[in-house]
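Hello,

Here is the structure we talked about handing over. My notes follow below it.

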Amino acid sequence: MSQCFPRRARWLGAMLAVGVLAVLPPCRLAAQTPALHLPYTIDTLPNGLTLIVHEDRSVPTVAVNVWYHVGSGDERVGRTGFAHLFEHLMFMGSQNAVYPAFDRLLEAAGGNNNGSTTEDRTNYYESGPRTALPLMLWLEADRMGWLLPTMDSAKVDLQRDVVKNERRQSYENRPYGQAFINLPSAMYPPGHPYSWPVIGSMRDLTAASVEDVKNFFRMFYAPNNATLVVAGDVDPVEVRRLVRQYFAEIPRGPAPDRPPTPTFQLPRDTTVVLEDRVQLPRLYIDWHTVKGYATDDAALNVLAYVLTGAKNGRLTQTLVYDRQVATNVFAGQDGKLRDGDFSVIATGKPGTPLDTLQAIVDRELARLIAQGPTQHELDQAQNSLEASQLRQLENVDAKADQLNYYYYFTGQPDFLAQDLARTRAVTAADVQRVARQYLQAPRVVLSVVPEGHRELAAGRTGVTP
């Protein structure tokens, strides 16, 4: 059993001088941390808009964070890319804030804004001085309720071309970018909400008509499909008054029509090889796992840390430092709203066959499955994951987004204590079990190799790690 050593400043100089810190076991800080909370109030307007307010008077700033519960996973085959396209269109002006008034007004008030799209949601956010809160809310309300009257073919065509260029820059012409276009369809069966990339296909973007775009907005960009979080130096009573003033007259939309999520298991190992204009070969190994906050999600997160979360991670130590056959390696559990997958990504040294990397990955996974992680590895993973979660809550912008995230995924805006507790509860046996259960199942092995060097791809036999 490991011991926890007090963090006393007068010891540090001596410890560093003799190298003691390098051998001390990590403290079990997780077990000593008191329950932490994200205090909030929650209300629902008659039109279905959910309002969550978090009061934080430490700094005179405020954050507004809107989540529309629509992402690429809500699209249909042949009509992909709409969620991300709308992320762009929402910045093209609305009836009372004609383009480019949104940015100009907000920047003049000392604020800033942006948005992002995932498989599960599209969010828009502003932050700035507390005096800018009424402006932020008015701008968000105007594009929620009065965007369609300004939607025309010129705007759609302009942003369609912007998104196409983004696809070219971020995927098609970026080193290794093609992997993220090809992995979804290799990992998920046809028709699955995650079987296409978030950015969509060029063909679908080209085919999108103005009426298609308007129908997508009517279905998903309604107050009853959105959550608004306001966090910072605010009075919750005043926030509720402002939100009702600006948002109450926006009509409720229809219940969103969402495609079903089929259950599946990968039937067999799948090998994909892509040639790209790259110098170093890269290996992607993906397994089907579980959605976010499912029973095994936390154990898979800990497993990922044990593999590559630190310099002494199983795969990092072996591939990068001991064998020196890889420049970097990453492992991660991606638990999304409807499903999940676990990835190992390793970039090989020049000319290194990816079979060599795959064989080492398989050997280290087999060793972990047979023996499980050590108590030292478990403590380090849990402490580091907890510290990372807490660092992400250092400002009101991050707390606003976390409240929205927790609410959408768990139904509880303040899920922080439970989230930390589920990581603390993971045992070495849990890590060993999920590695055996999920990482011995069929998988997708995708190789990206330099043009003309398919011989470096994984899939050959007879390689010894």
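Tyr176 is buried, because its relative accessible area is 11% and the cut-off for buried is under 20%. A caution before going on: this is a predicted model.

Tyr176 sits in the loop between helix 6 (153-172) and helix 7 (177-187). Its phi is near 70 degrees, a positive value in a residue other than glycine. Most residues other than glycine have a negative phi.

Tyr176 is also one of the contacts of Tyr284. Tyr284 belongs to strand 8 (residues 282-288). At 1% relative accessibility, Tyr284 counts as buried. Leaving aside neighbours within four places in sequence, the contacts of Tyr284 include Ala179, Phe180 and Leu183. Val344 and Ile345 are also among them, and so are Val444, Val445, Leu446 and Val448. Tyr284 and Leu354 are 70 residues apart in sequence, yet their C-alpha atoms are 9.7 Å apart in space.

**The largest pocket**

The largest pocket has a volume of about 1000 Å³. Its lining takes in 37 residues. Nearest its centre lie Tyr293, Asn301, Gln333, Gln392 and Tyr405. Which elements give two or more residues to the lining? They are helix 11 (297-308), strand 9 (326-335), helix 14 (375-391), helix 15 (396-410) and helix 16 (416-424). By residue class, the lining divides into 13 nonpolar, 14 polar and 10 charged.

Two of these central residues come up again. Tyr293 has a positive phi of about 70 degrees although it is not a glycine. Tyr293 is found in the loop between strand 8 and helix 11. Tyr405 forms an aromatic pair, described next.

**Aromatic pairs and charges over rings**

The structure holds 25 aromatic pairs. One of them joins Trp67 and Tyr405. The geometry is edge-to-face, with 6.1 Å centre to centre and 90 degrees between the planes. This pair links distant parts of the chain: Trp67 in strand 3 (residues 61-68) and Tyr405 in helix 15, 338 residues apart. Are the two partners buried or partly exposed? Trp67 is buried, at 1% relative accessible area. Tyr405 counts as partly exposed, at 27% relative accessibility.

Ring pairs also build a cluster. Its members are Tyr68, Phe82, Phe86, Phe91, Phe102, Tyr124, Phe216, Phe217, Phe220 and Tyr221. Phe91 has a charged residue over its face: Arg143, at 4.7 Å from the ring centre. Elsewhere, Lys336 lies over the face of Tyr194, at 5.2 Å from the ring centre.

The peptide bond joining Tyr99 and Pro100 is cis, with omega of about 5 degrees. Most peptide bonds are trans.

Gly93 lies in the loop between helix 3 and helix 4 as well. At 8% relative accessibility, Gly93 counts as buried. Leaving aside neighbours within four places in sequence, Gly93 is in contact with Val98, Tyr99, Leu147, Thr150 and Lys155.

Best wishes

Technical notes:
Residues numbered from 1 in each chain as written. Predicted model: local features only at pLDDT ≥ 70, side-chain atom pairs only at ≥ 80, totals over all residues. Heavy atoms only, no water. 1 Å grid on protein atoms, 1.4 Å probe; cavity = no way out; pocket = protein on both sides within 12 Å on 5 of 7 lines; lining within 4 Å. Points joined across faces, edges and corners; volume = space filled by probe spheres on them. Helix = DSSP H or I, 4+ residues; strand = E, 2+ residues; numbered from the N terminus. Nonpolar A, V, L, I, M, F, W, Y, C, P; charged D, E, K, R; others polar. Buried < 20%, exposed > 50% of the residue type's maximum accessible area, 1.4 Å probe, protein only. Contact = heavy atoms within 4.5 Å. Phe/Tyr/Trp six-rings, centres within 6.5 Å; stacked < 30°, edge-to-face > 60°. Lys NZ or Arg CZ within 6 Å of the ring centre and 35° of its normal.
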